[in-house]
Every structure is written in C-alpha cells, then in structure tokens.
Amino acid sequence: MPAIRERSAPRTPQHRTASGPPGDSPRRRSPRPARGYWPYVLIAPAIGGMLYLLAYPLLRAVLISLQDFRLRQLIAGDAQFVGLRNYRTLLSDPRFWEVVARTFAFMAVNVVLIMTISTLVALMTERLAKAGRTVVLCALVLAWAMPVVAATTVFQWLFHSEFGVVNWLLTSLGFDSFDRYPWFADGGAAFAILVVLIVWQSVPFAAITLYSALTTVPSELYESARMDGASGPRIFRSVTFPMLRPIFVLVFSLEVIWTFKAFVQIWVMTRGGPGDATTILPVYAVQTALSSQRYDLGSAASMLTVVLMSGVLVLYFRQMFRQEDDPR
Amino acid sequence: MKYRLLAGSSTLVMAATLSACGGSADEGGDGHTTVDVWLMRDSVSAAFQKEFVKGFEAKHPEIEVKVQIQEWDGIGEKITAALASNDAPDVIEVGNTQVAQFAASGGLLDLTDSKTELKGEHWLRGLAEPGAYEGKQYGIPYYAANRVVIYRTDLFEKAGVDAAAIKTRDQWVEATTKLNKGKTQGIYLPGQMWYALGGFIWDEGGDFAAKSGGKWKGALDTPEALRGMEFYARLQALGKGPKDADEDDPPQAQVMAKGQVAQVISTPGGANAVIENNPGLKDKLGFFPIPGKSADTPGAVFTGGSDLVIPAAAGDSEEALTLIKELTGDTWQKKLAVAMSYVPNRTTLASAVADDPGASAMAVGAANGHATPNTPGWAAVEAENPIKDYMTAALVGGDAAKEAAKASAAITRAMNANS
Amino acid sequence: MTLLRPRARRLPLNAAACVTVAVCLFPVYWMISTAFKPSKDIQSADPQLFPHTWTLDHFRKAVQADGFELFWRNSVLVTLAAVLLSLVVALGAAFAVARMRWRGRRQFMLMVFIAQMAPWESLIIPIYIISRDTAMLDRLPTLTLVYFMITLPFTIVVLRGFIATIPPELEEAAQVDGCTRTGAFGRVALPLLMPGLLATSLFGFITAWNEFAYANFLIIKEQDNRTLPVWLSSFQNTFGTDWGATMAASTLFALPALVIFLLLQRHVTSGFAAGAVKG
C-alpha cells in the first residue's frame with residue numbers, strides 16, 4: 001500500500017525546495033505526506049521513554065522543589081508543600097549567586113578555549129598530509145575515548161603534590177616554587193586544573209566534528225577565494241565560517257550544555273573545594289541535596305540551572321527551529 | 001475470563017514444577033535467614049571478622065551472616081540510600097559523629113527496649129549519646145578509640161630521646177626536633193588530620209563550633225582555635241607530611257612502614273597496620289599519650305568510635321538484634337578490644353585491654369576525651385569538610401585568621417542548613 | 001628553492017601536529033606507563049618518562065581485587081544493553097523525523113533537544129524514589145534504562161543527520177523493485193547507515209561505560225551488581241597511595257573504550273562529518 005503512494009508522489013530536489021513549510025497542512029503540501037499512524041508508531045518508544053524516564057522524574061523533581069523535603073521525608077514520604085519557599089531561600093542566598101557567577105565564568109572560559117583550540121586543530125588537521133592526519137585523528141580519538149573517571153584519576157596523579165610529573169617538570173625547568181606544590185589546595189590552581197581537564201576531554205569531539213565538516217566544503221570555493229587574493233584569516237571568515245555556521249552552532253551549544261553540566265570531573269577531583277572555589281551549579285545542587293540532605297533546595301537549584309542554561313541556548317533553539325522549517 | 005483461568009492454571013503448573021525441583025525456596029534456601037551487615041573499612045581486621053562470623057554462625061546455625069565492607073568516603077549518602085530503600089541491610093555500623101542525623105531521621109529501629117539487656121547503663125557516653133534522639137535509643141555503642149602517639153623505639157633510642165619523659169607539648173616538640181635529622185622524619189603529620197587539630201584546639205579551650213542563642217556557629221576563628229592551629233603547624237613542619245592530604249591519602253601506616261618516620265598520631269590499632277606492611281617493625285613500636293600543655297593533664301583527644309544501628313526497613317530485624325547482642329556482648333567486645341586495640345563499648349569491660357601498651361596510653365588520653373558537636377547538623381560539616389581546606393590553606397602560608405573566618409562561616413552554614 | 005618552499009611552510013604545521021598528538025596522548029601514555037612501573041620508581045622524586053623496569057604486579061593486584069571480573073561483566077552488560085536499546089529506539093524516531101512529515105514533528109524535535117539539557121545529577125533522587133516504589137532498586141536493568149535515556153536524545157539528533165544524508169531515491173528504487181518500505185530501508189539504507197550507527201553508538205558507549213552517580217546510588221545492597229566506575233572509585237579508596245595499582249585499574253577500565261574507538265576511528269571521523277553537518 002505505501003509503495004503505491006510512494007510512486008505516485010513525484011520527487012525531485014527542485015520540487016522539494018519549492019514546497020512550503022510543514023506544520024499547517026503537511027498532508028497536502030509536503031512531498032512526503034504522513035502515512036497515518038506510522039510516524040507515531042516509530043516515535044512511540046522514544047516518546048514513552050522520555051515521558052516515563054525523563055518527564056516523570058523531572059516532574060517529581062519539580063514537586064520536591066516545592067516541598068519541605070529532607071531525610072525524614074525521603075524515608076517516610078510525608079512531605080508538605082511550601083510553595084516557592086525553597087526558591088526564595090536560594091535566590092536570597094549570596095552564596096548561590098556566587099555559584100551562579102562562577103558557573104558562567106567556568107562555562108565561558110571552557111567553551112571559548114574549546115572552540116578556539118578545536119577550530120585550530122580542525123584547520124590544521126585538514127592541511128596535513130594523509131599519514132599525519134591519521135596520526136592526529138587517532139590521537140584525538142584516543143583522548144576522546146578516555147573514560148571520564150579514568151581521565152580524572154590520571155589528572156589527579158599528574159598534578160600530585162609529591163610525585164606528580166607536572167611539579168617535577170616545572171621544578172626541573174627552574175620554577176623551584178613548584179617543588180611539592182599542592183595544586184588542589186589553592187582555589188585558582190584547582191579551578192585551572194579542572195579547566196585543563198575539561199578542555200582536554202572536550203576538544204577531541206569538537207575538533208573531529210569540525211574537521212569532518214571542513215572536509216565537506218567544496219574546494220572550488222577556496223580556490224576562487226584565493227584567486228581573489230583573500231588571506232587565510234579572511235578566507236576563514238568569509239568562506240569557511242559561513243559554510244560551517246550550523247555545525248559551529250551545534251558544537252558550541254553542545255559544549256555549553258556539557259560544560260554547564262560538568263559534574264563528575266569536579267566531584268571526583270575536588271568535591272567543589274577548596275572552599276567553594278570549584279563549586280559550580282550542578283556540584284552545588286548535589287552538595288545541597290546529598291551532603292546537607294536538603295533535597296528540596298537541591299532540586300530547586302537544578303531547576304534554576306536548567307532555566308539559566310536555556311537562557312544561554314536561545315541561539316541554539318533558534319537555529320534548530322530554522323532548520324526544522326527548512327524542509328528536506 | 002478465559003485468559004485469567006489459563007494464567008491461573010499455568011501458575012499452578014509452575015508451582016508444581018518448582019516444588020518438584022526439591023528443597024523449599026522460602027527463607028533463602030534451607031531454613032537460613034541471611035543477615036546483611038555493613039561494616040566500615042578497617043574498623044575490624046579481616047581475621048577478626050572471620051572469627052566472629054564463624055563463631056556466631058556456630059552458635060546460631062539458623063542465621064547466616066553476610067558482611068559487606070563500606071568505604072568511609074561518601075558513606076553518608078550510601079546509608080541514606082539504604083535507610084530510604086525497602087530492603088535495607090540489617091545491621092549498619094555508623095561513625096559516632098554521623099549517627100545523630102540518622103537517629104533523628106525516623107529511618108532507624110527504636111532499640112530502647114533492649115537497653116537494659118545490653119547493659120546500657122555502662123555504655124560509653126561518647127557513643128550512647130549521639131545514638132539517642134528524643135529519649136529513644138537508636139544506635140547501640142560498638143567500640144571507641146582515641147588517638148595516641150605511635151613511635152619507633154629504636155629511632156628514639158638512637159637519638160637519645162626518652163619517650164616516657166615526654167609529658168608536655170614543649171618537651172614533645174623538642175624531642176621531635178631532635179629526631180627530625182637526616183632521612184628520619186620527626187613526625188609524619190599530614191596537613192588535614194582534623195581530629196588531631198581538634199585535640200590541640202580543645203587544649204586551648206576552643207572548639208570547632210559553639211552554640212549561642214540556639215544557633216550553632218563555627219568557631220575556628222577564635223583566638224583559642226587559632227592557637228591550636230599554630231601548634232599544629234609547628235608540629236607539622238617537623239616532618240614531610242603532605243600539606244594537602246589527610247591520614248588516608250596515602251595511608252599513614254604505609255608511610256610509617258617504610259621505616260623513616262619516628263612518630264605518627266593514630267589510634268593504637270594503627271600499629272597493627274604498620275606491622276602488617278612491614279613485619280620488621282614488630283618490636284620497634286611504642287605508644288605514649290598525646291602530651292598536653294602541662295604535665296598534669298594529658299592532651300585533649302577526640303573520642304572516635306562507632307554505633308550499630310538497625311534500619312527500620314531491614315528485612316530481618318530480629319536476627320539483626322541477635323547479632324548486635326552478640327557483637328556488643330562481653331565475649332566479643334573483649335576479643336575485639338584486644339584484636340583491634342579498641343576501648344570496649346562499656347566502662348565495665350575496660351580491664352580487658354589493661355595489659356595492652358597501646359590501650360593504656362589510650363586510656364590516659366581518654367580521660368580528656370572530647371566529641372564533635374552533638375547535633376544532627378554536624379554530619380553536613382564532615383561531608384563538606386571546610387576544616388580540611390582551612391588547614392591546608394593555613395599550612396601553605398595563607399593568612400590563618402582570614403582562612404579560619406572563611407571556614408567558620410562555612411561550618412555555620414553547613415550546621416544550620418537543615419534547621 | 002622550489003623544493004624547499006612547501007617543506008618550510010609545512011614545518012610549523014607539522015610542529016603543531018606533533019604538539020597536538022603529544023598533548024592528547026600524554027595523559028593516556030602516563031596512565032599506562034605508570035601502571036607498568038614498579039612502585040619504587042613511581043614514588044620517586046624524579047619520574048622516568050620511560051619505565052626502566054617493567055612489572056605486571058599492579059595489574060595482578062587490580063585483577064585480583066574483589067569482584068573485578070564480576071564488575072567488568074556488569075559494566076559490559078549494562079552498557080551494551082543500553083546502547084543497543086537506544087540505537088533501536090533512536091533509529092525509529094530518527095527515520096520518522098528525517099523521512100516523514102507529520103503533525104508534531106517540530107515539537108518532537110524540540111523535546112529531543114530539550115531532553116539533552118536534562119539535569120541528570122538532580123534527577124537522581126526522584127529516580128531513586130520511583131525505582132524504590134516499583135521495586136527496581138539494586139537491579140542492573142534500572143541502570144540500563146537510565147543510561148538508555150541519557151544517551152537517547154543525542155543518538156536521535158545524530159542519527160537523524162545520518163539518515164538525511166542518504167538519498168531517499170535509493171530506497172524508492174528498491175521499492176519499485178518490489179520491496180516493502182521496511183525492506184527497502186533495511187536492505188538499502190541500513191548498510192549505508194552502518195558508519196553512522198557505529199559512530200553514534202560510541203557516544204552511548206562512552207557515556208554508559210563512564211556513569212558513576214547512578215551506579216553508586218541505585219545499587220545499594222547487592223554489591224555484586226556494582227559497575228566498574230564505582231569499583232574504580234572504591235579501589236582508589238582502598239589502595240589510596242598505590243598509584244601503580246590505581247593506574248593499572250584505570251587502564252583496565254579505559255581499555256575497552258580505547259580499543260573500540262581506535263578500531264572504529266575511520267568511521268568516527270568520516271561518519272560524524274556527514275551526520276553532524278546535516279544535524
């Protein structure tokens with residue numbers, strides 16, 4: 001039955017681009033009309049999963065954030081509603097705002113470094129000879145494959161105050177002040193190490209994705225730009241970047257999400273310390289929930305995290321919507 | 001209707017097949033009840049654990065004991081998860097600084113009725129009090145220990161230092177300075193041993209936190225507490241202890257086992273761990289109480305220890321109680337005290353370890369024993385532990401007063417987060 | 001002169017490549033080499049960049065530690081199940097999104113994108129409560145489901161991109177030849193999709209293989225159901241100072257991921273290109 005329909009619908013690229021935006025009356029105007037229930041059957045498992053495993057827990061989390069929910073309530077389960085009290089508590093706590101500011105700083109530093117370095121690495125990789133390219137790609141893939149917990153453990157070892165190779169290297173280079181320097185005791189240093197770790201872990205994915213996108217740019221475009229006498233940076237600005245804009249936005253958004261949610265690395269390495277120096281929002285939420293047993297405040301903190309993150313990602317959503325408009 | 005009938009009959013068939021397989025499936029096999037016990041890492045030796053399980057199972061053949069060792073790191077969350085579940089372990093060992101919050105949570109079985117049978121009137125106060133909440137007893141005292149100085153008799157002799165003569169802090173520092181020559185470390189004191197710091201602070205008359213007007217407030221920035229930290233720093237400098245780690249990272253027993261450390265501050269049981277790692281040190285370890293400010297009072301020490309609790313959600317609480325009765329009864333308490341150099345859970349049993357040099361050094365210190373603030377809020381302080389950060393910051397040359405104020409604020413916040 | 005010029009130009013490029021490779025690989029190398037060094041060389045004031053003497057002691061210690069094989073098996077089971085499940089579910093959804101037009105398609109994609117921002121660390125308490133009330137605590141299937149859900153949104157996004165790169169005309173041709181629509185997809189598009197599926201499954205693999213918080217909090221009493229990340233962290237607690245053994249354990253933990261990624265390196269790099277651009 002579908003086969004007949006398929007054949008009856010003419011399909012040429014021109015025709016496709018000519019068709020209007022979907023949504024209002026897809027059946028008539030789209031080249032591929034919905035065939036009854038099929039699409040819904042196909043997305044049903046995904047929807048089901050998202051409803052039960054994500055939306056439902058999320059709803060429970062919202063509920064918790066509106067209740068007085070502590071250890072006693074977790075065990076006995078007779079929580080009382082307190083309205084927006086938890087949110088008020090958080091928003092009037094100067095420590096919370098410090099954490100928010102730190103989260104944004106952390107994210108900004110990481111994302112800028114990741115995007116810059118991975119773009120450079122991607123451009124470099126594309127220009128390499130074949131053998132070199134393979135080696136670089138393999139190295140990137142290996143760094144990417146390194147499990148977070150293992151990588152974090154290794155970084156702790158690299159920066160170990162007594163036997164760490166970093167202190168040894170710095171000391172042998174003549175920086176004697178790094179002899180047995182306790183990296184994790186100083187807020188700034190601990191912050192810096194986490195940035196290095198996260199950049200190290202994130203660049204491979206971003207670089208590989210950008211590199212693969214670069215390979216899809218037709219070389220004629222570069223040729224003609226070069227013939228026009230454009231310089232390297234100029235070509236990047238006016239040819240490469242516009243071509244790769246969607247992918248830049250995608251990678252950028254993913255990195256924003258991932259660094260905003262960086263949790264395991266920090267939790268395993270510093271638990272948010274020393275002091276509050278590496279406490280960003282997810283760490284704060286977990287600390288409040290699990291260590292102080294204020295599950296209500298912790299939940300409220302993560303709801304606010306989601307709101308703040310969405311704020312940063314407006315761009316992402318706009319791009320996405322534009323793409324969905326663009327019929328294929 | 002038809003469907004249900006079919007389902008019903010197939011259940012019957014299945015039941016028949018199952019029972020045909022022989023043996024009854026209830027009660028976990030052949031009439032045994034399995035009691036799940038959570039003990040903390042290194043709280044008992046593997047040998048003692050084996051001996052106890054064997055002895056207990058011989059006496060109670062209907063109960064099978066399954067011991068799981070838990071790590072101290074992150075234990076609060078783990079116990080929380082267990083208490084809130086439907087199928088919790090039957091017996092859990094909980095540190096005496098953490099038991100108060102769980103007693104208050106409603107997730108533990110009320111054991112007040114067994115208090116008399118367990119001879120509760122002789123319990124050590126430092127263990128019994130945190131295990132009680134609103135007049136009811138939830139935690140049963142298990143064992144206690146406090147810190148002493150473990151020293152190398154041979155190194156002391158070589159340096160011409162008489163350990164028995166060390167009675168005051170000044171003498172202690174003087175002796176340690178003398179020992180701290182060449183490859184030998186006078187004392188291995190990691191920067192974050194906050195229980196030791198507590199002792200020095202209590203010596204000065206300070207505390208970690210103080211209650212004023214019904215609210216707990218961090219007190220590390222008081223002059224007394226700052227003097228305590230000052231002494232800690234002075235002592236810490238007489239060895240190569242890392243400034244950014246506690247006694248578990250690396251385990252100080254392993255460090256001492258390498259042979260170049262003259263003293264460590266540890267519970268007497270730590271000596272066993274040293275010998276385990278380096279049997280050559282077997283007859284070369286001695287003990288003395290942590291010296292106080294003057295010769296007539298020993299140094300203040302933190303009374304550490306554990307309670308045993310039964311979660312309300314435990315499946316076999318009756319058997320769990322049987323196990324607790326045995327483990328906290330005379331026989332096993334005496335054996336435990338000897339094996340691990342612990343203070344037994346009751347004052348009447350103190351004679352059990354009278355001959356043990358480590359235990360007698362510990363007993364001297366115990367006379368000046370202190371506890372962390374007895375409130376459910378304290379566990380949150382330990383979970384975040386701003387004290388450790390403060391110690392490191394002060395030791396690496398930070399402004400102690402400023403760092404102490406910061407840490408005190410963090411303590412205040414953590415202790416009051418839940419009220 | 002003419003011969004030299006491209007070389008001279010390539011020099012900084014190759015130098016940069018060398019630096020990149022070194023920076024990427026050093027931590028991995030350092031982990032593996034530490035694992036092979038005897039303890040006295042590890043805890044020495046000047047580390048050796050290359051081990052003078054090799055030892056397998058640390059690996060022996062790690063493998064002989066309680067339950068290593070069991071946790072390894074658990075991790076493999078949970079990870080594979082979660083990845084397969086999310087691939088199958090995502091394939092269906094991605095196909096519907098990339099190849100069909102239907103009411104609610106945009107809303108569905110928006111939901112998928114939003115799902116990527118889910119604050120998983122904070123859902124741990126609700127999920128704990130839900131699992132408790134449905135008697136799913138302490139069980140590996142619970143972890144499988146959670147990991148499936150964590151990886152699903154990203155898998156859908158990437159797979160959709162991959163499917164969009166395959167010209168529908170190919171399937172249509174097959175349909176003309178008498179295949180059903182599913183048959184056409186299975187016989188024509190699926191083989192072309194293989195690199196994409198592999199690349200996507202890698203992401204799921206690394207996420208599930210790594211996950212620590214849920215594995216730690218949802219597996220309470222049945223310690224036989226623990227997974228490797230939890231084991232690794234408790235191993236670190238137990239062996240604290242023993243960096244050799246800790247690094248050996250980390251190596252054993254990282255190895256499957258490293259090997260699989262390296263084997264599929266070409267697919268990862270080429271596959272992501274196509275998929276991601278359209279995504």
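This is a predicted model: local features need pLDDT of at least 70, side-chain atom pairs count only at pLDDT 80 or more; totals for chains, interfaces and linings use all residues.
Residues are numbered from 1 along each chain as its sequence is written, and chains are lettered from A, and ligands numbered from 1, in the order in which they are written.

Let's start with chain A, which is assigned domain 1 (2-70) and domain 2 (84-325); such bounds come from an automatic or database domain assignment. Where these two meet, domain 1 of chain A brings nine residues and domain 2 of chain A brings ten. Here, "in contact" means that the C-beta atoms of two residues, placed from the backbone, lie within 7 Å. On the domain 1 side, helix H4 (38-65) and strand E1 (67-68) of chain A each give two or more residues, and H4(A) gives the most, with four. Helices (H or I, at least four residues) and strands (E, at least two) are DSSP runs, numbered from the N terminus.

Now look across to chain C: 83 residues of chain A are in contact with 85 residues of chain C. H4(A) turns up again, giving the most to the chain A side with 14 residues.

Chain C itself has 13 helices and zero strands. Of its 279 residues, 52% count as buried, meaning that 20 or more other C-beta atoms, placed from the backbone, lie within 10 Å of a residue's own. Among contacts in chain C with a separation of 6 or more, 76% join residues 24 or more positions apart.

Note on methods. A residue is buried if 20 or more other C-beta atoms lie within 10 Å of its own, exposed if 12 or fewer, and partly exposed in between; C-beta atoms are placed from the backbone.
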